[in-house]
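Visitor: Hi, could you walk me through this one?
Guide: Happy to, here it is.
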Amino acid sequence: MQPLVENFFNYVVEPREIKSHIHIKATDYGRDVIIEVTDNADGISPQDIEHILSGNGFVE
């Protein structure tokens with residue numbers, strides 16, 4: 001969780017002048033825990049997501 005929250009501050013809060021928010025929700029399903037993290041960042045482009053999921057890493 002720490003890297004997600006740290007990235008939120010580095011890439012959402014600090015460079016913006018608007019109000020930023022992060023929402024973290026954890027749900028216990030017995031043997032599984034689902035953690036959902038949402039924020040009001042700009043997000044990642046569909047092309048970058050495809051590149052990351054292909055195993056080629058992140059493109060800046």
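Guide: We can go from the overall layout to single residues. This is a predicted model, where local features need pLDDT of at least 70, side-chain atom pairs count only at pLDDT 80 or more, and totals for chains, interfaces and linings use all residues. Residues are numbered from 1 along each chain as its sequence is written, and side-chain values use heavy atoms, with hydrogens and water left out.

Visitor: Great. How many helices and strands does the protein have?
Guide: There are two helices and two strands, in the order α-β-β-α from the N terminus. Both kinds are DSSP runs numbered from the N terminus: helices are H or I with at least four residues, strands are E with at least two.

Visitor: And what is the radius of gyration of the protein?
Guide: The protein has 14 Å, while a compact globule of 60 residues would have one near 10 Å. That radius is taken over C-alpha atoms, and the globule rule is 2.2 Å times the number of residues to the power 0.38. The C-alpha trace spans about 40 × 35 × 20 Å along its principal axes.

Visitor: What share of the residues counts as buried?
Guide: Of the 60 residues, 8% do. Buried means under 20% relative accessible area, exposed over 50%, and partly exposed in between (1.4 Å probe, protein chains only).

Visitor: On to the strands. How do β1 and β2 run?
Guide: They run antiparallel, with eight bridges joining β1 to β2 (residues 32-39). Two strands count as paired if DSSP finds at least two bridges between them.

Visitor: Which residue in β2 is the bridge partner of Ala26?
Guide: Ile35 is the partner of Ala26, and Asp28 stands opposite Val33. The hairpin has two residues between the strands, and Gly30 there takes a positive phi near 80°.

Visitor: Nice. How many aromatic pairs does a search of the whole structure find?
Guide: The search finds one. Phe8 and Phe9 have ring centres 5.4 Å apart and planes at 80°, so the pair is edge-to-face. For the cut-offs, rings of Phe, Tyr and Trp (its six-membered ring) pair if their centres lie within 6.5 Å; planes under 30 degrees apart are stacked, over 60 edge-to-face, and the rest tilted.

Visitor: Is Phe8 buried or exposed?
Guide: Phe8 is buried, with a relative accessible area of 5%. Phe9 has 43% and is therefore partly exposed.

Visitor: Switching topic: where is Arg16?
Guide: Arg16 sits in the loop between α1 (2-13) and β1 (22-29). Leaving aside neighbours within four places in sequence, Arg16 is in contact (heavy atoms within 4.5 Å) with Asn40, Ala41 and Asp42.

Visitor: What does the side chain of Arg16 reach at 2.7 Å?
Guide: It reaches the backbone oxygen of Asn40. A polar contact of 2.7 Å also joins the side chains of Arg16 and Asp42. Such a contact is a pair of N or O atoms within 3.5 Å; within protein, one must be able to donate a hydrogen and the other to accept it, and residues adjacent in sequence count only if both atoms are side-chain atoms.

Visitor: Last one: which helix holds Leu53?
Guide: Leu53 lies in α2 (residues 46-56), and at 71% relative accessibility Leu53 counts as exposed.
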